[in-house]
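Subject: Structure for you to look at

Dear colleague,

Here is the structure I said I would pass on. Please open it beside this message; my notes follow below.

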Amino acid sequence: MWQALYEELRERDFLVIAVALDQSAEDARPWIEKAAPTYPALIDTQHVVADLYNVVNVPTALWIDERGRIVRPNDVVFGSDTFKHITNLESAKPLAAVRAWVRGETAGFAPADARALQTLPTALDQQARAEFGLAEWLARHGQRDAAERHFVRAGELAPHDFTIRRGSMPIRGIDPMGPQFREMLQTWVGGGRPYYRALPDTRG
Amino acid sequence: MGVAMTFTVIDQGRDREVRAHVEGGRLLLSAEALREALGWELHDGTLCNDAMCVPLPAGSRLGEGGVFDLGEVAATLDRPLALDVDARAAYLGVSAGERAQALGSLLAPDFTLPDLAGRPHTLSSYRGKKVLLIAWASW
C-alpha cells in the first residue's frame, strides 16, 4: 500500500520510511516481505523512534520536508481502509493530502501551526519509556518476571501509550489481538478517550 | 554502605556492568563506577561528561564521601531512571525537556536503524527528499 504511493511519487523526490516498532525483525518480516518495499523498511526493537518523536500508537505518520523539518506532526494515516470499520478513519483523505504536498500543490504546516499541533512528552511519559526500556532489556536477557514488573509500571505511568501497553504484549507472551487487548481497548475507549489520535483535519 | 554487587546500567542503548552498593532501595556508585558506567565526573560542584556540564542544585550532597546515588544523579541530570534492585539492572532514559526542545525546534530528530537485511539507514542521509515517516507494527 505504501509501495504504491512511493512508486507514484518517487520521481518527485519523495520517500517513504517505514519503521516497525516490533520486538524482533522476525515479527515484522512477513508484513515487509509481502509489501516488497523499495523504500527503507526499518526495524526498531527498542522503540528509538517512539522515544524521539513521542509516538504513542501505530500507525503514526509525520511529514518531513527537504530540509529535514517536521511540517506535519504526528498524525494517524492508514495505507488502506482494511480497518476502517474499527478506526472510523478513511485512508483516502490523508493520502490525498500527501500527494498534494509532494506535488507542491499545498505546503505543510507553518512552524507555529505545526508546533500548536504537536503533543510533547511529559516527565511521566519519559519515565514510562525508561521503565519500558528496562523491561525490554530484562526480557531480552531472560529475566521475564522482572521485565513484567516494569512493562506493567510503564503502562500505568503512560496509559495512553499503546506502543508500550499493546506493543509490549508480544514480548510478554500476550496475544496483541486477543481478549486482554480487547478489554484494554474497551476500558480506554469506554472512558471517552480516543485510541487513535488523528490531527483535526484528518478527523474532520 | 550496603551489600556490594555487580549491576548493569543501560544508557542510550549501551549496557555496562558496574560494581555498586544497594542501600534502602538506592543504588550507590563510587566516583570511578559512575565514570565507567555513565561517563560523568564531579568537579567543584559540577557534574560533567564529554559533552556538557550540569551544576548540582543548592544543598545537593551528591558525591559526598565519594558516594553517588544513581537516582540523585538522574534527578540532577533531569533524566528518568528505571531501577530494579532484584534484577540488578538500571535504565537511564532521556529527559522530557530534551525531547520537547528537540521536537519543538521542528528539526526532525535523527536516527539510524537497520532494515531486514541489517543494513543501517540514517534519516538525515535522505535530506533533499520529502519524507513520509511512518511508525507501524505487526501488533
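Beyond its neighbours within four places in sequence, Ile32(A) is in contact with Pro37(A), Ala41(A) and Leu116(B). That list includes a residue of chain B, Leu116(B). Please keep in mind that this is a predicted model. Ile32(A) belongs to helix H2 of chain A, which covers residues 25-35. Is Ile32(A) buried or exposed? Ile32(A) has 20 other C-beta atoms within 10 Å, and 20 or more is the cut-off for calling a residue buried, so Ile32(A) counts as buried. Pro170(A), which is 138 residues away from Ile32(A) along the chain, has its C-alpha atom 18 Å from that of Ile32(A).

Chain A as a whole

Chain A contains eleven helices and four strands. Along the principal axes, its C-alpha atoms fill a box of roughly 55 × 35 × 35 Å. The radius of gyration of chain A is 18 Å, which agrees with the value near 17 Å that a compact globule of 204 residues would have. Of the 204 residues in chain A, 43% are buried. If you take the contacts in chain A with a separation of 6 or more, 52% of them are between residues 24 or more positions apart.

Where the chains meet

How many residues of chain B are in contact with chain A? There are 45, and they meet 74 residues of chain A. On the chain B side, at least two residues each come from strand E8 (81-84), strand E9 (89-92), helix H3 (96-104), strand E10 (112-114) and strand E12 (130-136). E12(B) gives the largest share, seven residues. By type, the side of chain B that touches chain A consists of 29 nonpolar, eight polar and eight charged residues.

E12(B) also pairs with a strand of the other chain: strand E3 of chain A (residues 60-64) and E12(B) are antiparallel and share five bridges. Within E12(B), Leu132(B) is the residue opposite Trp63(A). As background, strands of a sheet pair through backbone hydrogen bonds, either parallel or antiparallel.

H3(B) is the helix to look at next. Its buried residues include Ala96(B), Arg99(B) and Leu103(B). Viewed down the axis of H3(B), the buried residues fall within an arc of 70 degrees, so they line one face of the helix. What do the buried residues of H3(B) pack against? They pack against helix H7 (123-140) of chain A. Just after H3(B) comes Leu106(B), with a positive phi of about 70 degrees.

A sheet in chain B

Chain B has an open sheet of three strands in the order E4-E5-E6, with antiparallel pairing. Strand E4 (41-43) and strand E6 (53-55) of chain B are at the edges and have a single partner strand each, so one side of each has no neighbour in the sheet. On average, neighbouring strands of this sheet are turned by 30 degrees against each other, direction ignored. Strand E5 of chain B (residues 46-48) is joined to E6(B) by three bridges, and the two run antiparallel. Thr46(B) has Pro55(B) in E6(B) as its bridge partner.

Regards

Notes: Residues are numbered from 1 along each chain as its sequence is written. Chains are lettered from A and ligands numbered from 1 in the order in which they are written. This is a predicted model: local features need pLDDT of at least 70, side-chain atom pairs count only at pLDDT 80 or more; totals for chains, interfaces and linings use all residues. Two residues are in contact if their C-beta atoms, placed from the backbone, lie within 7 Å. Ala, Val, Leu, Ile, Met, Phe, Trp, Tyr, Cys and Pro count as nonpolar, Asp, Glu, Lys and Arg as charged, and the others, Gly among them, as polar. Two strands pair if DSSP finds at least two bridges between them. Axes are lines fitted to C-alpha atoms, for helices over the stretch in contact, and angles run from 0 to 180 degrees between N-to-C directions. The radius of gyration is taken over C-alpha atoms; the globule rule is 2.2 Å times the number of residues to the power 0.38. A residue is buried if 20 or more other C-beta atoms lie within 10 Å of its own, exposed if 12 or fewer, and partly exposed in between; C-beta atoms are placed from the backbone. The arc is that of the directions from the helix axis to the C-beta atoms.
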